[in-house]
Amino acid sequence: MLEMLLQGISAVISDPISIVLIFLCTGIGIIFGAIPGLTATIAIAMMLPMTFSMPTTMGIASLVALYIGGISGGLVSAILLNMPGTPSSIATCFDGRPLALKGEGGKALGVGVVFSFIGTVLGIAAMIFIAPPLASITIKFGAWEYFTVTMFSLTLIASLAGKNIVKGIITAVIGMMFASVGLAPIDGVERFTFGSVELTSGFAMLSVLVGLYAISEVMKTAGMMQSDENFVATKFHMKGFGFSLQEFFSQIKNAIRSAIIGIGIGILPGIGGGTSNIVPYSIAKNQSRHPERFGTGIIDGVVASETANNATIGGAMIPLLTLGIPGDTATAMLLGGFMIHGIQPGPLLFEAHGDIVYGVFTAMILSSFFMLIWSFGAMRLFIRILKVPKNYLFPIIVVLCSVGAYALDNRVFDAASIVLFGVIGYSLEKLKYPLPPFILGFVLGGTFEQNLRRGLQIGNGNIFDLFNYPIAVVFLVATVLSLFFSLRQLKKRSV
């Protein structure tokens with residue numbers, strides 16, 4: 001482990017271009033996170049095709065820098081505009097905005113940035129110490145183990161990614177249906193190609209990701225915005241970090257508790273930062289001696305939200321690296337980044353590409369420090385960027401997405417696919433169907449089918465053969481429990 005860590009650190013630090021890219025991508029990520037509608041997921045989606053020509057470590061390091069910057073950037077608009085730049089900063093609005101209205105916007109921003117940094121570092125530390133031993137366990141997984149863990153992940157995604165459990169399940173199934181287009185695994189039979197040569201290769205993951213998130217967001221925002229749209233951010237004054245040492249030490253317990261919750265939620269596939277900032281906020285309120293002050297403008301709420309959502313980054317990377325299962329939609333994009341470079345995340349990743357994994361760890365640590373530098377050094381620049389009308393930003397995004405999708409395999413079909421999935425994503429959101437189950441169903445659909453068929457081959461067509469594998473049985477029980485609690489939750493909501 002130490003040798004690989006040194007190799008990873010050397011691969012990043014010895015290359016000035018990698019360091020510059022990590023620095024720039026962190027800043028770009030913050031901008032995307034700060035502008036409502038432009039999330040970390042969209043930033044990664046746009047950058048994904050650009051990394052194709054880069055060395056593997058450099059390309060993936062750039063993507064994780066966008067991820068870290070994008071999650072932390074959401075606090076800027078949440079505090080100054082009362083509009084969370086990302087779903088991860090929803091709870092930051094609850095106390096961040098009242099603080100800004102009281103003339104303490106500088107304090108709210110300072111607290112948010114510092115505890116975002118702390119949450120990120122704690123999440124990365126958890127990832128470094130948890131992922132390698134977990135990978136040594138998952139390396140023993142076979143076809144049935146992967147089948148049941150994927151099935152468990154799909155039920156968890158469908159039940160927790162949206163308010164309506166039934167719609168979540170339907171959306172996940174639709175995603176899996178699109179994943180089945182093309183040549184079948186194992187036997188190579190054509191499915192749903194309708195005589196089209198292009199469809200024999202299926203839909204490219206990049207086209208699906210970019211279409212569902214970037215293009216659909218452009219369509220949705222274009223339908224809502226006014227031609228004279230302009231953001232008016234609350235003015236702020238900041239001296240130093242914006243808060244005192246006494247205030248900092250008073251929040252240590254709150255920060256550690258929130259970070260642990262954020263890491264735990266991040267590890268559970270499909271939940272993501274949208275949940276991980278609200279849960280710790282609620283717990284911080286319940287544990288407080290003065291819960292009535294929450295929502296009126298106190299730093300406790302900002303600390304809980306921002307520490308947790310950034311700690312989720314490290315947590316969400318753990319299932320991605322050890323099982324090849326994305327923890328949230330941003331890590332689903334990162335999965336695409338690994339695959340573009342010919343690397344399959346999973347238990348063998350640490351043995352086959354240990355230097356790349358530890359290079360990514362190093363890049364994440366560097367990015368967390370760069371995030372601190374960008375946030376305090378260029379805060380006023382980010383406020384100005386918030387005022388750029390979206391009718392200038394979104395056409396550029398569409399062009400870059402189209403060029404990126406085409407450049408990946410030089411196929412016009414891939415560029416056309418982003419429009420198709422943009423329409424699908426826009427339609428699903430209009431009908432209030434959640435998007436995360438779709439994309440994660442698409443990502444996991446192939447793994448689900450391939451391991452089911454391999455398991456059936458091992459068991460000579462007998463599906464009950466999986467009961468001979470204890471780990472598979474554990475995940476099967478977890479799947480049943482997940483479905484049971486989901487259905488019970490649905491019943492409660494219907495009453």
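Rings of Phe, Tyr and Trp (its six-membered ring) count as a pair if their centres lie within 6.5 Å; planes under 30 degrees apart are stacked, over 60 edge-to-face, and the rest tilted. With that rule, this structure holds 17 aromatic pairs.

A word on the source. This is a predicted model, where local features need pLDDT of at least 70, side-chain atom pairs count only at pLDDT 80 or more, and totals for chains, interfaces and linings use all residues. Residues are numbered from 1 along each chain as its sequence is written, and side-chain values use heavy atoms, leaving out hydrogens and water.

Helices here are DSSP runs (H or I, at least four residues), numbered from the N terminus.

Next, a helix pair. Helix α2 (residues 16-34) packs with α4 at about 35°, axes 6 Å apart. Axes are lines fitted to C-alpha atoms over the stretch in contact, and angles run from 0 to 180 degrees between N-to-C directions. The residues of this contact (heavy atoms within 4.5 Å) divide into 12 nonpolar, 11 polar and no charged. Gly counts as polar; Ala, Val, Leu, Ile, Met, Phe, Trp, Tyr, Cys and Pro as nonpolar; Asp, Glu, Lys and Arg as charged; the others as polar.

Last, α4 again. Helix α4 (residues 56-80) gives four residues to the lining of the largest cavity, the largest share. That lining has five nonpolar, three polar and no charged residues.

Methods. Helix = DSSP H or I, 4+ residues; strand = E, 2+ residues; numbered from the N terminus.
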